Amino acid sequence: MDPTISVSKGCFVYKNNATRAGKKTPAKRKHSSVLGQEITAQPFYSAYSECWQKLESHIAQLQHQSYSRTLEHLIEYVKKESVGIGDKDDEILPTAALLTGINQPDHLNQFETLTRRLHSENAARVCVLQSRDCSTLKAAVEAMVYNLIEAQSAGGALSAEELDCDEEIERDRKRLRRTQCTMKQLKAWYLNNFDTSQNRRALVIILPDFECFNTAVLQDFILILSAHSSSLPFVLVLGVATAMSAVHSTLPYHVSSKIKLRVFQTQPAPAGLNEMLDKVLLSPQYTFHLSGKAFKFLTYIFLYYDFSIQGFIQGFKYCLMEHYFGGNAYALCTDYSQALTRIKSLTHDDMETIRRLPSFRPYVEGINDCKRIIAVLTDDDYLKKKLPQLLRDCMLHFMLFRCSLEFFTELVHDLPRCPLGKLRRELYVNCLNKPITQQTEYKECWQMLGFLSKYEFVTKISKCIACTEQFISNDIEPLELGDACASSMRNQLKEIQQLLTNVVMATMETSGPAATAATAPLAGSTDLTHVASRHELKAQLLQRSKQDKEQQPTTEYAKALQLILQHIETHLVMKYLRPLQNAPPLHELYIFSDISTVRRNIIGAPRAALHTALNNPHFYMQCKCCELQDQSQLVSTLPDLSVVYKLHLECGRMINLFDWLQAFRSVLRASEDLNEDTQQEQIDPQIQARFTRAVAELQFLGYIKMSKRKTDHATRLTW
Amino acid sequence: MPDAAQELATVRCFLKERLQRDYTTLRGYETERSNVRQLLERTAEGESNSLLLIGPRGAGKTTLINAVLTDLMVKKSFVDNTLIVSLDGNLHTDDRIALKSITVQMCLENVADGKVFGSFAENLAFLLQCLKAGDKKSKSVVFIIEEFDLFCTHHNQTLLYNLFDVSQSAQAPICVIGVTCRLDVIELLEKRVKSRFSHRQVFLFPSSEAFEEYTALFEQLLHIPSNKELKLNSDRVDSLELLKSQVFTFHRNHFDPVEYEFEKKIVENWNKHIAKLIKLPSVLKLLQTLYDFDISEAFLKTFVFRLVAQLKPNEPHITVEQMAALASQYECDDKIELLCGLSVLEICLIIAIKHHSEIYDHDPFNFEIIFARFSKFAKVSSTMQNVERAIVLKAFEHLRIVELIMPLSVGGLGKVQKEFEMHKMALTYGQIQQAVNKYQALPTEVAQWALSSLI
Amino acid sequence: MEQICAALEPQFPCRETTIKTLGELIGNCEEAYPAAIYLFGHTGTGKSALTKAFLQQCRKQQKVRVAQLNAIECYTTKILLENVLDALAPQGAEETAKRADNMLEFVNELRRWHDQENNSSYLIAVDNAERLRDMDANVLPVLLRLQQLTSLNLCVLLVSQLPFEKYYNKTGLSEIITLHMAQYNKAETLRILSADFVHVQRQLLAGLSGNEKGLRKCEQAMTPEFYSNYLSLFLSVFYKACRDVPELKLTARKCFSIYIEPVLAGTIEATDVSRLWRHIAGPLRAALTQIYMRFDKPADELEQQSNESDQSVRKLAQSLELPYYGKYLLIASFLASHNSAKQDKRLFVKHHGKQKKRMQTVNAKAKTTDKMSTTLGPKSFSIDRLLAIFYAILEEKVGLTCNLLSQISTLVHLKLLSFVSGEQNIMDGSARLQCTVGLEFVLHIGKVVGFNVRQYLCDFM
């Protein structure tokens, strides 16, 4: 009795929002101060945190709008059902199947938002049933009833009538133990709270992980719900990870005849990822960028292993940390104005880190005045004076890069077989990794562009220009330094534009050579008439056709086209879409490319780690005693476990324990010279004990298993 | 004429009630009856004893006991110095419950308004001590234990052990009467319990070659007694009131003829009609089939009950047609009924299953196998074309729900996916064939296929 | 009793006999009830609905106390008993009177009522009665003998799909009156469906509210015989596959909108049945693949979703988005569970010695189709074997990382793989999995990633 009372009191307190907010905030503060004061105070940390905040909020907002559409439909459906339920007499349970992607954890928050929405609109009572709560039918029903009755005031703001019905609930709960949570109870509760027509609520049951449910339980559960659906307006929401067929394979005839399904499709995970990449990671408003490799790596994890967007974000966040924690110099990776202020606070060794950046060297070599070189290398203040210019160049470069990427994408994304890839991200990776103009795919693209019909080509280019324009005006200009970038970009566009007009004009008048070609046949035909031999005729025809051939490409249109492509290549691709290695100096401040550490820390490889640990303990222990020249070497000073392990690597599937023991012993004896008699004399119990222990440990690690078939043999479980 | 309808209503009411609620009139079994009766009388005089009453369901075991008790109720001596405790294996599912209800029924001291206090051990000790306290003089207790076999499953058979023990030793006189329908009940008793049981058993078997009695019984059940018969019958029932026990309740709404009052002529022509009915050869034939079907009295009672229920003002008498219709309901096979209710698709599946189990004599099968066989047929057939696999699967599941096919492993859900779960057929070829013949508007090709597996 | 039947017959067409019998048996609460009645028949024959309505009538007209409960809901006996008590209790009975922990208390409670107020009658209906078999052993026998035990005028109706013989246990059960509700035959089905006419018409008009000419057309097109024509067409397609009346009703409503739309549009005359048939035949056949699926969609989406459903498996294979390695793992698991481990070397190792044709292998070739492993179902395999095959069929080299291993568990979560044994001891390689997806599904997955599954299956070589 007592706990329930206390619970009810607790809920009473909770119902007031202010207190709850009050409760949350300190928790957050505590959480963020996991790192010591000394770190959080640093400029790089502040830079990091603000950058991350911006990104996070952006992503969250993006995701929200990405599935808000489905959400709307769902809510509207629920409302409709809850209203319509009154008149129907047959026991059919309205069911919404939400086709979420395969990555279930990602979608939990989706359902949470749904719950919140429904509560806030007073449309329904919602209860989310996890499969782990529903091992048996009893547990399932009790959990459901309990949540429905107890879980009010989750909806945040409660209207007046909600409040008084909560009084009811308070009274109910006084005498509500887990065991009395039956359908009867629920019915009674519903009757004395909601059954008046004006505040009739749907009871929404959400099963977020449909596949994980025990089928038998699920079937009975649905049957029960449908049996009551005439009196209680249930609406079932299934989170289906795979596909509809999964639903029908779990629900046999007699169950599926009790429900009616409405399918809701959510945005597939890869699409979601692409959207996020385009909108957030590739957006110019963030000064932090991923290098091609890092970028590719993260997407690779996503596409090849788990479709987990959360996972991707975490990985990205990790890169961010890794980048900023490189030192205060990286605090410069932020808006230009802020960077300027930060420059002053840079210490000497910060400057040193900057000087140590790989791209600093070419910059220094670029200077042809030795005094200034020395100044740059030694005098911090001088460098500080120089820095703003450098930073500015860098930022501008990235912006321009982004703009021209926009253009370029539009240009090549819909070519047949899209050799360079159709997505912005693929192009991004391609461009950053190596000089794109040397790639064969690029050449292929250029050819195809050449083959395009005039109309197609013109529309394409103009489309490119248009969307680049739009991109500039939308995304670039609001930023600082935006105008600079925009202006230079616009010039490019203008030139392309008027080159394009040439193309358009070009086809208007028939080109000179074409005219001659037109006249030539006449002449030819004239002398064709009085040609003597078939021989001459053949010759003439041949060379005429030759004529045509070399005349063909020299039409105005083709020329203009070549021209414009040429221009695009030189002024856009060559100039702006430069690969990383010849990006402007200090770009390391903005680009994160240290892929190896990320890989090591994001993807764990347990078996590999174990293998190295056992095969070469020195790698981890760093002890004098067991350094090895080569991996396969066996030294008596190695830990017993690793000796045993290495020995068992040499064996086949079945290992004879006695031989193994002998080998083990011989290894240990390897140090002192072993002559015949020591060989003969039987094993000293200490060694045997050590051996046994080691084997036991190996078995515990899951490498071997004592075989039942053959006596004193062990089976290898790995190879 | 309303009063005739009225009369008919009363007749119907009377018959129904007598059929349903007459717990105390036993027909036949004279020897067994006297046997039990004497036993009880001796108990009343202070002799302990124990007995098992064994017979199939509906043979009238309980009725026999009730009848005997009713007989004894008229004897003042018996009523005064016996106490009747009745237990039912279905209700008293373990010794603790049983013990409590015993103490309640014996109205012992530690009972407060129907609630018993104290642990099992305490109660048992208390009860035994009460019984020990008594001797030949004290009131004797009759334990009537329905569903005796279920008590054998209780932990250590503690209760039975103690009861039999008391009945062996010279303590307060008790009589334990076990009623069961298991012939092997003795084997269920533990050795120590068995040794304390006086191996006195009474068997009730309705004789299978007494068709005359059967018809007689039929007539009796439908016969309306004259008023003075009613009188003496009702006195007999009234005597039951002396039986004061809140658990032993068959007398509560035992049917009481006293409410009924019939006009002479109605009674006469009703009985005459019945007598005429009985003479008819067709009726006799019907009864014979029923008799072959099930010889127990209870069965006949339900049959007659349904007959009587059909009486209406516009058909005031039981007709042969009604009987025939009703009897036919008993004859026809439920499974075939169900089969005829299936869709053509499901029938096809059943046929496929039949063929499979004919070919691989009664091998178990799973959905895939059957589906392969079915789709072979579907290819050539005109009716069954383009039926989706998913639909067929649903149909298969339907068969499983109706338990025309049974999964081999119970609770096999989950582990094996259901396309591959092995099933066995719960039908005979005969049933299937009958169903196929009986099925309305079955496509001929399907019927053909049912006859021969080759397509 | 007459009134009751009169009230029910319009509600339940084609159920006169059953109603009559029920009326005779329990129609009149002054007369003695039979102890128990068993009502069985296929789903959708209106067992539950009929019983429900009948009991309600009894309650209304004759003040009979009725209790209706669903055996599935009663996962413990206690709930069953208390629900009954709760429903039957005389008004003003205090809460404690509705508690019953075991059968005895339950029965005693009922007996007590007999003293309180006699000559009132009780009806208890138990739906899905087949579940009673799974409950405590004493539930069913007691229910059947409840009248005698409680000495009340009380009757128990059991409603189920099974024939009563399925209930017998070794000691047998006491007598019960069984009633069978026959499946509707075609004529009856037609009659019932056409009773739906009014509803459909109302819906149609509601839908058309707004455009005048549409309404007018509908008015004069939408006649009962027009609808019954439609229904006969409809049944000619559906009746063979499904006799479940509610199911048919739903589908009929769905398809009718398509049927009538050209009439409303004015392209086809309402009387021109043959053209209407040509128009509707396709959609009907499409809908036949959808029956039992209960996809509840607005009519306009109906045809497009039906034609997407006919290659449902391919749809699924594409719609189911798996990570690249996930797909390969799935294929590997399929191969693992449909090939015997002996074959692995021959299948996956590049330079296995050419296997010699022994007589036995030749015989193995000649195995009947329904003994193929793809029809006999998957066999189990160990995780190591899965990984081995995975690496064998995957061209590029990929590290064995925990992301990869977690993929396996993901697949298990999605019920694409399932544990056969040893969920708990995955550490030592004794845990065994099996692949639960079908052949054609995997074939499609294979197409997507460009991998020919067949050539790695023993059954197909």
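Residues are numbered from 1 along each chain as its sequence is written, and chains are lettered from A in the order in which they are written. Because the model is predicted, local features need pLDDT of at least 70 and side-chain atom pairs count only at pLDDT 80 or more, whereas totals for chains, interfaces and linings use all residues; side-chain values use heavy atoms, with hydrogens and water left out.

A contact requires heavy atoms within 4.5 Å. Among the contacts in chain C between residues at least 6 apart in sequence, 71% join residues at least 24 apart.

The interface of chain B and chain A comes next. Here, seven residues of chain B are in contact with ten residues of chain A. The size of an interface is often given as the accessible area lost when the parts come together. For chain B and chain A the buried area is about 690 Å², with carbon and sulfur atoms giving 63%; this area is what two parts lose in accessible area (1.4 Å probe) on being put together, summed over both. On the side of chain B that touches chain A, the residues divide into two nonpolar, two polar and three charged. In this division Ala, Val, Leu, Ile, Met, Phe, Trp, Tyr, Cys and Pro count as nonpolar, Asp, Glu, Lys and Arg as charged, and the others, Gly among them, as polar. Across this interface the rule finds zero salt bridges, a salt bridge being a side-chain nitrogen of Lys or Arg within 4 Å of a carboxyl oxygen of Asp or Glu.

A nonpolar core is a set of buried Ala, Val, Leu, Ile, Met, Phe, Trp, Tyr and Cys residues joined through side-chain atoms within 4.5 Å. The largest has 174 residues, and those with the most contacts inside it are A:Met144, A:Ile205 and A:Phe234. Beyond its neighbours within four places in sequence, A:Ile205 has contacts that include A:Cys127, A:Met144, A:Phe221, A:Phe234 and A:Val237. Another core, of 170 residues, lies apart from the largest one; A:Tyr305, A:Ala331, A:Cys394 and A:Val429 are among its members.

Over all chains the structure holds 47 salt bridges. In one of them, A:Glu142 pairs with A:Lys138, their closest N and O atoms being 3.1 Å apart. Both residues lie in helix α6 (residues 137-150) of chain A, four residues apart, about one turn of the helix. A:Glu142 is buried at 8% relative accessible area, while A:Lys138 is partly exposed at 33%.

A:Arg490 forms a salt bridge with A:Glu477, with 3.0 Å between the closest N and O atoms. This pair links helix α23 (residues 482-508), which holds A:Arg490, to the loop between α22 (454-476) and α23, which holds A:Glu477. A:Arg490 is partly exposed at 21%, and A:Glu477 is partly exposed at 32%.

In chain B, the side chains of B:Lys438 and B:Glu337 meet in a salt bridge (3.2 Å, N to O). B:Lys438 belongs to helix α21 (residues 429-438) and B:Glu337 to helix α17 (residues 334-341), 101 residues apart. B:Lys438 is partly exposed at 47%, whereas B:Glu337 is buried at 18%.

Methods
Buried < 20%, exposed > 50% of the residue type's maximum accessible area, 1.4 Å probe, protein only. Helix = DSSP H or I, 4+ residues; strand = E, 2+ residues; numbered from the N terminus.
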